[in-house]
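The following explanation leads the reader through selected features of one protein model. Please consult the sequence and the structure shown here while reading.

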Amino acid sequence: MQVLEEVRAIEFSEGGLLVKTLTRDEELRESYRLRHKVFAERLKWVAESSDRVEVDSYDPYASTVGLFDEDQCLRGVFRMVSSTHPFMLEHEFRPCLLPGCEIRKESDTVEITRLALDPGLADKGLSIRYMQVLYKGVYQWCRQNEARFLYMVVEKRFLRVLRGMGFTCDPISPAEALPPAEALSIAAVLDWKQFEETCPQKQPEFFRWINSMATEHTAFEKSSF
C-alpha cells in the first residue's frame with residue numbers, strides 16, 4: 001500500500017459518481033489495469049506487459065485518484081506527483097521543452113500524469129460527463145493540497161479542449177511528436193489562481209459547479225502570491 005502522509009486525500013460524490021484518492025492495494029492495481037488499457041493497448045505510449053498492468057517508477061510516491069460509476073466500477077484515473085519528487089516532464093517528457101526552460105519545483109507545484117478514461121465507454125455523452133467529473137477531481141485535489149501550479153503534457157488537440165472549457169493552460173513548449181506513439185504533444189502549465197480570476201467571468205456556471213465543494217476562502221486566497 002502507498003503511504004502518502006504529506007498528501008491530503010479527497011473523496012466526494014457527484015451525481016451518483018464517486019471520486020476519491022486510491023489507497024487500497026486492490027484499487028491501485030485496478031487503476032494500473034485501466035492505465036494499461038489506455039496507454040499500452042490503445043495509445044501505444046508504453047509497451048504492453050504480460051500481467052496487463054501499467055506501472056512505473058513514479059507510482060510509489062504518487063497520489064492516484066479514481067472515478068467510480070454507480071456500480072462501483074473504476075472508470076477514470078489521474079496521478080499527481082508533488083514537487084519534492086522528480087517529474088516526468090524533467091525526464092521522459094524533457095524533449096518537449098525548449099532549451100533553458102526551467103521547471104518550477106516549489107511547494108505549490110505538482111505534475112499530473114496518467115489521466116485516463118475507460119476506453120470501453122461507448123456512450124460519448126457519458127464519457128464527456130465522466131471526464132468533466134474527473135476534471136473536478138483534479139481541481140479539488142489541487143485545492144485540498146494547496147497546489148497553485150499544475151504541469152502536464154497532453155496531446156495538442158486535447159490542450160485546445162481544456163482551454164475551451166475554461167482551464168487556463170499555457171503552453172511552455174512547441175508541439176513535439178513523442179516516441180513511441182509519435183503523438184503530437186505539448187507541455188503546459190495551469191495556474192489555478194488565474195483560473196479562479198477568469199473562469200467566473202467567462203463561464204460562471206461551470207465555475208460554480210467545479211467549485212461547489214469549496215469552503216468560504218480558497219487556499220489561494222489565504223496565500224500571498
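Cysteine 101 has a relative accessible area of 18% and is therefore buried, since that class covers values under 20%. The model is a predicted one. Cysteine 96 is likewise buried, with a relative accessible area of 1%.

The pairing of cysteines may be considered next. The structure holds 0 disulfides. Cysteine 96 takes part in no disulfide, and the nearest cysteine sulfur to its own, that of cysteine 101, is 10 Å away. For cysteine 101, in turn, the nearest cysteine sulfur is that of cysteine 96, 10 Å away, and cysteine 101 is in no disulfide. A disulfide requires two cysteine sulfur atoms within 2.5 Å.

Attention now turns to a pair of helices. Two packed helices are described by the angle between their axes and by the distance between those axes. Helix H2 spans residues 124–144 and helix H4 spans residues 192–202; their axes come within 12 Å and cross at roughly 120°. That angle makes H2 oblique to H4, because angles of 65 to 115 degrees count as roughly perpendicular and those over 145 as roughly antiparallel. The crossing in which H2 passes H4 is left-handed.

The residues that form this contact can be located on both helices. H2 contributes Val138, Tyr139, Cys142 and Arg143, while H4 contributes Trp192, Phe195 and Glu196. Sorted by class, the contact of H2 with H4 comprises 5 nonpolar residues, 2 charged residues and no polar residues.

Key: Residues are numbered from 1 along each chain as its sequence is written. This is a predicted model: local features need pLDDT of at least 70, side-chain atom pairs count only at pLDDT 80 or more; totals for chains, interfaces and linings use all residues. Side-chain values use heavy atoms; hydrogens and water are left out. Axes are lines fitted to C-alpha atoms, for helices over the stretch in contact, and angles run from 0 to 180 degrees between N-to-C directions. Helices (H or I, at least four residues) and strands (E, at least two) are DSSP runs, numbered from the N terminus. Angles under 35 degrees count as roughly parallel, over 145 as roughly antiparallel, 65 to 115 as roughly perpendicular and the rest as oblique. A crossing is left-handed if the near helix is turned anticlockwise from the far one by less than a right angle, and right-handed if clockwise. Contact means heavy atoms within 4.5 Å. Ala, Val, Leu, Ile, Met, Phe, Trp, Tyr, Cys and Pro count as nonpolar, Asp, Glu, Lys and Arg as charged, and the others, Gly among them, as polar. Buried means under 20% relative accessible area, exposed over 50%, partly exposed in between (1.4 Å probe, protein chains only).
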